[in-house]
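Reader: I've just opened this one up and would like a quick tour. Can we go through it piece by piece?

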Amino acid sequence: MITKINHIGIVVKNLGLSTEIFDKLFNQNSPEIEAVSEQQANIAFYPVGQSSIELIESTSKDSTISKFIEKRGEGIHHLCLEVENIREEMNRLKNLDFQFINEHPTDGGDGFLVAFIHPKSANGVLIELAQKK
Ligand code: ZN
């Protein structure tokens with residue numbers, strides 16, 4: 001079951017510069033920066049009520065995040081839906097012909113297992129499913 005919008009992911013070129021902007025927006029100090037090696041990225045979360053804004057900076061020129069920024073620039077990258085059971089939800093959606101970028105859930109940081117639905121099968125929107133570990 002999908003339970004809520006967990007976060008909205010925004011890709012940025014430089015996390016240091018972007019946290020300065022978002023610190024001002026949310027009127028708070030910079031959140032902790034977490035390195036997520038499986039995603040070749042550094043991430044920072046700004047809580048907003050029950051959801052949050054995730055800033056993502058690539059740590060490799062060859063990562064999917066770097067390629068995304070090259071093609072489309074900085075900005076909104078994905079929508080993350082929280083689920084109770086990620087494997088169950090992946091099976092349900094695969095049976096409905098949704099395509100996944102990764103066949104199995106991986107570590108998404110912030111204590112979550114994640115999997116991405118390809119934008120081709122979701123109206124051009126990259127959707128991340130996330131289950132609390
Ligand atoms: Zn995310």
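Reader: Are E54 and E128 buried or exposed?
Author: Buried means under 20% relative accessible area, exposed over 50% and partly exposed in between (1.4 Å probe, protein chains only). By that rule E54 and E128 are both buried. This is a predicted model, where local features need pLDDT of at least 70, side-chain atom pairs count only at pLDDT 80 or more, and totals for chains, interfaces and linings use all residues. Residues are numbered from 1 along each chain as its sequence is written, and side-chain values use heavy atoms, leaving out hydrogens and water.

Reader: Which residues are the protein donors of the zinc ion?
Author: Donors are N, O and S atoms within 2.8 Å of the metal (3.2 Å for Na, K and Ca); water is not among the atoms, so sites may look incomplete. Here they lie 2.0 to 2.1 Å from the zinc ion, and they come from H7 (NE2), E54 (OE), H78 (NE2) and E128 (OE).

Reader: How many aromatic pairs does a search of the whole structure find?
Author: Rings of Phe, Tyr and Trp (its six-membered ring) pair if their centres lie within 6.5 Å; planes under 30 degrees apart count as stacked, over 60 as edge-to-face and the rest as tilted. One of the pairs is F22 with Y46, tilted, at 6.0 Å centre to centre and 35° between the planes. Searching the whole structure gives three.

Reader: Which residues do ring pairs link into a cluster?
Author: F26 and Y46 are stacked, 5.3 Å centre to centre with 25° between the planes. Y46 is buried, at a relative accessible area of 0%, while F26 is partly exposed at 26%. The cluster linked by ring pairs is F22, F26 and Y46.
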